[in-house]
Amino acid sequence: MKAQRGRFGPLVGSIDEGTSSTRFLVFAAKTAEVLTYHQVSIPHITPKEGWVEQDPEVILHSVIETINVTCDNLIKLDISPEDIVATGITNQRETTVVWDSVTGKPLYNALVWLDMRTASTVDKILQNGKRNKNFLKNVCGLPVSTYFSALKIRWLIDNVKRVRQAIAENRCLFGTIDTWLIWNLTGGVNGGLHLTDVTNASRTMLMNIDTLRWDPQLCKIFDIPMSILPEIRSSSEIYGYISESVLKGVPISGCLGDQQAALVGQMCFHQGQAKSTYGTGCFLLYNTGTAIVQSNHGLITTVGYQLGKDAPPIYALEGSIAIAGVAMQWLRDNLGVINNVTESMDIAQSVGEVGSVYFVPAFSGLYAPYWRKDARSVICGLTEETMPGHIVRGALESVAFQVRDILEAMALDCGYPLQKLLVDGGMTANNFLMQIQADYCGIPVVRPLMAETTSLGAAMAAGNAKGVEVWDLDNVQPVPSDIFIPSISEDQRDIKYSRWKMAIARSLDWVEGRDDENTGLPSISKFEDECDEDESAKFHTLPASLFIIGSFALLALAKTISKSSLV
C-alpha cells in the first residue's frame, strides 16, 4: 500500500547551476531537509589561454535532466513530485549568454565569469590609463574588470558578426545564466519571460546600484543597447511558471546569484554578518544592511538580496577570489600531482611546514582586493627538497591567505574585524583547509553540517515568495556546525602572511598590454566560423604545467649532479 502523499509537507525545488556542474535539489520547507538531488558535470571549452566558455544548450539540457532524474528519485522514495510547490534558481554570476529571440538558439558560447579575453576591452574603457578603474564604482559598485558582464557583451558585439546582425534586427537577447534558464523554462520562443533579479543584475556593470534599474549612462559608456537587457525583478516573487517537464505549472519564485544565495542560506540577515563560499573561486560577502558602502580597499559593492517586490534591498561588500577549487583541478589535470581532489588534505599534511612553498594562483589575474589583470601565477620558495606535496599544500594555503586579504580589507572598510567566519561550499569538506583558514586569519571558522547552503538559499527565497509562502524566514532554525579554532600564535601567522605578500608582489607586472580585441581568433566550438577573421594575431606561450614540470626536472637533475660530485 502506497504511503500517504505529503508526509514531508510542501516541497521546494532548487536549480543550482554552477561553473562546474548543475544540480536540482528538493527541500522540505518545514525542516530544510534535502530529500534528494541529481548532479551533472558541465564541461568547459578553453579555445586558448585565458578563454573559458560553456555551451548554453548543454547547460539548459543539464537543468532539464537533473529535474527529471530528481523527480524520478522522489517517486522511488514514494514522494510525489506534485508536492513541489515552487522552484528557485541560483547560478554562476557574470557568465554571459546572448541568443536569438526568434530561433531560441545561442549566438555564441557563454563567456564564463573567469574568462580573460576582454583585457583590451578594459584598456579601451579606461582609455589606456587615463581613467581610474574605479571611475564607475559610485554608480554600479564595481571596478572595470574582465570579470563583469558588460565587458563580455562588448566583446561579443565587437567580434561576432551574428551578434551584431541580431541586434540590428532587434532579435538579440542578453542574460546571465538565470535569465537564459528562466526564458527557456517559461516557454522560450513561445512567450518565455526575459528577466533577471537584482543580485545578478548588480554583477553586469549596467545596473545603477541605487535605483536598481538599468542605467542609460552606463549602457552608453559600454555602447550596449538597452533593448537586449532583461527586466530586473526582486529575488523572491513569482516570475512565471515552468512550461514543460514533470514540473509543468510549478512557479519559479526565487532567483539569486550563487554567492548571494549562500548569504541567504547561511542566514546572514543582519548587518555585520558575513560568509565565505569555497568553490571554483572563493567569495566573501559582508551584509551592510540597507546602506550602500563603497569600499576604499579593493572590495566591491553588490546587492545581497531583495526578498520581495516591496522589500528593501539589502547590500553587501564582497571580496571575490578567482581561483580556489580550480587550483586543485589544475594540480590534478595539468600537473598530475594528485589523482583526486579529495587527496589534497592528506598530501598537504604529509609534508608538514618544512620547505614552505608559496603559490599565487593568478591564472586569471588577481581579483579582490588587488584587481590586477597583469598578474600571473608564481610559485616561490622552491628548493631541491621541494616535493609535489609542497605544491599541493601551497595551493591550499593560497586560498586561506587570499581570504585573509579580503578580511583585512573588510576590517579597514567597516572599522572592525569579523569575530568569526561562516563558511560553505565544496572545499569546506577539507578539514586541513578549514584549520589553516582559522590559523591564518586568527578567528574561529564555522562550518555548517548541512553543506548545501547555496541551493538552500534559492529554495528559501522561492518558498518565501508572496503567493507561495511555505517558508517562514522569521523562524528559521540555525543548523548545527563544526567550529575550527586558531591553533598558532599571532607572530607565526603574521610571519607567514608577510611571506605571502612577498609572493603577491612577485606575481605582478607579468603581462604588458595585449590586444586580444578584434583578433577574431576563432573559438574551438560550433561557433568557430562566426568570429571576424584576422589571421595576423599569433600567440606564443609556454603552458604553466610544462614550466613547472620542467622546473621539477631541473631540480631533480641538480640534486643528482650535486650528489655525484660528492662521490
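Predicted model: local features only at pLDDT ≥ 70, side-chain atom pairs only at ≥ 80, totals over all residues.
**Aromatic pairs, a helix crossing and a buried glycine**

Tyr367 is buried, its relative accessible area being 4%. Because the cut-off for a buried residue is under 20%, Trp371 also falls into this class, at 10% relative accessibility.

In total, 20 aromatic pairs are counted in the model. One of them joins Tyr367 and Trp371: the ring centres lie 5.5 Å apart and the planes meet at 15°, so the pair is stacked, given that planes under 30 degrees apart count as such. Tyr367 and Trp371 also belong to one aromatic cluster, together with Trp113, Tyr147, Phe148 and Phe283.

A further stacked pair is formed by Phe401 and Trp500, with 5.3 Å from centre to centre and 15° between the planes. This pair links distant parts of the chain, since Phe401 sits in helix H12 and Trp500 in helix H15 (residues 490–506), 99 residues apart. Phe401 is buried, with a relative accessible area of 1%, and for Trp500 the relative accessible area is 1%, so Trp500 is buried too.

Two packed helices are described by the angle between their axes and the distance between the axes. For helix H12 (residues 388–414) and helix H13 (residues 431–441), the angle is about 40° and the axes are 9 Å apart.

By residue class, the contact of H12 with H13 comprises 11 nonpolar residues, one polar and three charged.

Elsewhere in the chain, a glycine in a loop is worth a look. Gly141 lies between helix H3 (137–140) and helix H4 (149–159). With a relative accessible area of 0%, Gly141 is buried. Once neighbours within four places in sequence are set aside, the contacts of Gly141 are with Leu136, Gln294, Ile300 and Thr301. The C-alpha atom of Gly141 is separated by 9.2 Å from that of Leu299, a residue 158 positions away along the chain.

How values were computed:
Residues numbered from 1 in each chain as written. Heavy atoms only, no water. Helix = DSSP H or I, 4+ residues; strand = E, 2+ residues; numbered from the N terminus. Buried < 20%, exposed > 50% of the residue type's maximum accessible area, 1.4 Å probe, protein only. Contact = heavy atoms within 4.5 Å. Axes fitted to C-alpha atoms, helices over the stretch in contact; angles between N-to-C directions. Nonpolar A, V, L, I, M, F, W, Y, C, P; charged D, E, K, R; others polar. Phe/Tyr/Trp six-rings, centres within 6.5 Å; stacked < 30°, edge-to-face > 60°.
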